[in-house]
Amino acid sequence: MLRRKPTRLELKLDDIEEFESVRKELESRRKQRDEAEAAAGSEEAAAIGALGTEHKSREQLINDRIGYKPQPKTGGRTAHFGTFEF
């Protein structure tokens, strides 16, 4: 394999301006998404409150949304090998 001298990279003013514009665009998208999620969260909270259901944790809400129903662990003996549980 041939070795070559490292190439020198120069940062130009145009590169910095492009980076700043992309960063601002991403920040504005993130703010819009956060605002939309906050609005959806308040609507969801109002719907839950309107139904009179009990308060659920964030984990329970996610599990309900994806259809995951965790089963409790049985009280039987488990074999431990290091940090693994069988």
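In this predicted model, the side chains of Glu25 and Arg29 meet in a salt bridge, with a distance of 2.6 Å from N to O. Both residues belong to helix α1, where Glu25 and Arg29 stand 4 residues apart, about one turn of the helix. Glu25 has a relative accessible area of 40% and is partly exposed. The structure holds 2 salt bridges. Another pairing joins the side chains of Arg23 and Glu20, again with 2.6 Å from N to O. Arg23 and Glu20 also lie in helix α1, at a spacing of 3 residues, about one turn of the helix. Arg23 counts as partly exposed at 36% relative accessibility, and Glu20 counts as partly exposed at 27%.

The protein chain as a whole contains 2 helices and 2 strands. Read from the N terminus, the order of these elements is α-α-β-β. The chain has 86 residues, of which 1% count as buried. Its accessible surface comes to about 9200 Å². Carbon and sulfur atoms account for 55% of that surface.

A negative patch is formed by Asp14, Asp15, Glu17 and Glu18. Of these residues, Asp15 is found in helix α1, which spans residues 13–51. The relative accessible area of Asp15 is 34%, so this residue is partly exposed. A nonpolar patch on the surface is made up of Leu11, Leu13 and Ile16. Together, Leu11, Leu13 and Ile16 present about 320 Å² of accessible area. Leu13 has its place in helix α1. With a relative accessible area of 59%, Leu13 is exposed, because the cut-off for an exposed residue is over 50%.

Helix α2 covers residues 58–66 and includes Asn63. Asn63 has a relative accessible area of 13% and is therefore buried, as the cut-off for burial is under 20%. Apart from its neighbours within four places in sequence, Asn63 is in contact with Tyr68 and Pro70.

Taken by element, helix α1 holds both residues of the Glu25 and Arg29 pair and both residues of the Arg23 and Glu20 pair. Asn63, by contrast, is found in helix α2.

Notes
Residues numbered from 1 in each chain as written. Predicted model: local features only at pLDDT ≥ 70, side-chain atom pairs only at ≥ 80, totals over all residues. Heavy atoms only, no water. Patch = residues over 30% accessible without salt bridge, like charges linked within 9 Å, V, L, I, M, F, W, Y side chains within 5 Å. Areas by Shrake-Rupley, 256 points an atom, 1.4 Å probe, with all protein chains shown as cover. Salt bridge = Lys/Arg side-chain N within 4 Å of Asp/Glu carboxyl O. Lys, Arg positive; Asp, Glu negative; His and termini not counted. Charge placed at Lys NZ, Arg CZ, Asp CG, Glu CD. Buried < 20%, exposed > 50% of the residue type's maximum accessible area, 1.4 Å probe, protein only. Contact = heavy atoms within 4.5 Å.
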